[in-house]
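Visitor: Please take a close look at the aromatic pairs of this structure, and then at the parts around them. A plain account will do.

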Amino acid sequence: MTQILDIAGAGTVGRAERPGPFGLLKELERPGDVFRDLGPNWFASVMGTGIVANAAAVLPLQVPGLRGFATAVWGLAAAMLLGLIAAWGVHWARYPERARGHASNPVMAQFWGAPAMALMTVGAGTLVLGRGLIGPAAVGIDWVLWLAGTALGLVTAVWIPYLMMTRHDIEAGDAFGGWLMPVVPPMVSAATGALLIPHVGSAQGRLTLLLACYAMFGISLFASVIIITQVWSRLVTHKPGAAVMVPTLWIVLGPLGQSVTAAGNLGSQAAHVLPEPYAAGAAVFALLYGVPTWGFAMMWLALAAAITVRTARRGLPFALTWWSFTFPVGTCVTGTIGLAARCHVDVLRGASVLLFALLLAAWLVVAARTVSGAAAGQLFKPVAAISRALST
């Protein structure tokens, strides 16, 4: 069966009869239409940009200017986040029915997880990179962004699966990587929340935050395992499907890489919060969980890359789904860096540099294509009829 989906920003459409001024937004009938179909999937661009900064900040590579580059990219991600929040506010004010309708679309609804992760990604960058520019206020800003992102992420982790179970029309081969988006935010909360533990004043507060992060680690981990098996089954029985959705296969790397990062960050903080033998157990878990999960992530990366190359040979149209090439790979970079620091293995350090090079190349390509598509107005107009072969 083929589903016909109406997804904002999923690709390009025929040019409107009335071009915009100076060629900008030329695919839209009116420049104001830029706000009409601004879905939550746009926040994936903030995630993908922010993770480049966060990964560069901890990369085990001494390169002149790397810290400055990371700070500049973090500033760009922060500006993008503020701009998107403002634009999304206009979208909700002017087109409330369309805004609410995103949750009714079984594909677009999945990307409700993106705003939460965008908030926390920029927040982590503020803590790691922003203190040199804005001082102690960086900690307070990160707290605000982390709390907001965590609250929204916990909502999406329950709300979107609930809609899938009760309202969305979903059939046996419809699983795709985007199903992970609503359930990954708690894992991001665990990984980035660990960075805030030293900034909690009381011992009881640090213990509470550590245990809360471990609980959110579990929420995301078990939900992700269920979904990844469904995605694998769908690929085997129904094949990759429409080209525009193939990049979402890379989303599977997100919970894998982020869980390795979270386990490492929490294991490091546990040494200062938990008594023995639990502190040592947390450190052991970070290693014995992290290495096997990293191995599976590398296998999935190879599978996703092979399917992407195969699809690209037949035609891989640009869409906002291309941002799936960035953030998930970035989580593998941070996870690999954490493992390398814990194990003191040079091969892992080298792997982290290679993964960062892949991340940087993907980010530059996707960002350039997004800017050109947005300038033409192509990404702000829904596809009238885009076919997605989910099952036959």
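**Aromatic pairs and their surroundings**

Guide: Helix H10 (residues 278-314) holds both Phe296 and Trp300, which are four residues apart, about one turn of the helix. The model is predicted. Over the whole structure, a search finds 14 aromatic pairs. In the pair of Phe296 and Trp300, the ring centres are 6.4 Å apart and the planes stand at 45 degrees, so the pair is tilted. The cut-offs behind that word are under 30 degrees for stacked and over 60 for edge-to-face, with the rest tilted. Phe296 has a relative accessible area of 29% and is therefore partly exposed. Trp300 has a relative accessibility of 2%, so Trp300 counts as buried.

Phe318 and Trp322 also form an aromatic pair, and this one is edge-to-face, with 5.0 Å from centre to centre and 75 degrees between the planes. Phe318 is buried because its relative accessible area is 8%, and Trp322 is buried with a value of 10%. The cut-off for buried is under 20% relative accessible area.

Both of these residues are touched by Val366: not counting residues up to four places away in sequence, Val366 touches Phe318, Trp322, Trp323 and Phe325. Val366 has its place in helix H12 (residues 346-376). At 2% relative accessibility, Val366 counts as buried. Val366 is also 8.4 Å from Thr326, C-alpha to C-alpha, although 40 residues separate the two in sequence.

Elsewhere, ring pairs link Phe43, Trp88, Trp92, Trp112 and Trp159 into a cluster.

Next, the nonpolar core. The largest nonpolar core has 113 residues, and those touching the most other members are Val122, Leu180, Phe217, Leu253, Val333 and Leu359. For Val122, leaving out residues up to four places away in sequence, the residues touched are Val46, Trp74, Ala77, Ala78, Leu81 and Leu145.

Val46 comes up again with Leu82: their C-alpha atoms are separated by 9.8 Å, and the two are 36 residues apart along the chain. Leu82 is found in helix H2 (residues 66-94). With a relative accessible area of 61%, Leu82 is exposed.

Thr121 lies in helix H4. Its relative accessibility is 3%, so Thr121 counts as buried. Apart from neighbours within four places in sequence, Thr121 is in contact with Met47, Gly50, Ile51, Asn54 and Phe327.

That leaves the largest pocket. About 640 Å³ of space lies in the largest pocket. Its lining is made of 31 residues, and Val58, Leu195, Thr261, Asn265 and Thr334 lie nearest its centre. At least two lining residues each come from helix H1 (44-58), helix H4 (113-129), helix H7 (185-193), helix H9 (253-273) and helix H11 (327-343). H11 supplies the largest share of the lining, eight residues. Sorted by class, the lining of the largest pocket has 15 nonpolar, 14 polar and two charged residues.

To go back to the rings, the Phe296 and Trp300 pair is tilted, whereas the Phe318 and Trp322 pair is edge-to-face.

Definitions and conventions: Residues numbered from 1 in each chain as written. Predicted model: local features only at pLDDT ≥ 70, side-chain atom pairs only at ≥ 80, totals over all residues. Heavy atoms only, no water. Phe/Tyr/Trp six-rings, centres within 6.5 Å; stacked < 30°, edge-to-face > 60°. Buried < 20%, exposed > 50% of the residue type's maximum accessible area, 1.4 Å probe, protein only. 1 Å grid on protein atoms, 1.4 Å probe; cavity = no way out; pocket = protein on both sides within 12 Å on 5 of 7 lines; lining within 4 Å. Points joined across faces, edges and corners; volume = space filled by probe spheres on them. Nonpolar A, V, L, I, M, F, W, Y, C, P; charged D, E, K, R; others polar. Core = buried A, V, L, I, M, F, W, Y, C linked by side-chain atoms within 4.5 Å. Contact = heavy atoms within 4.5 Å.
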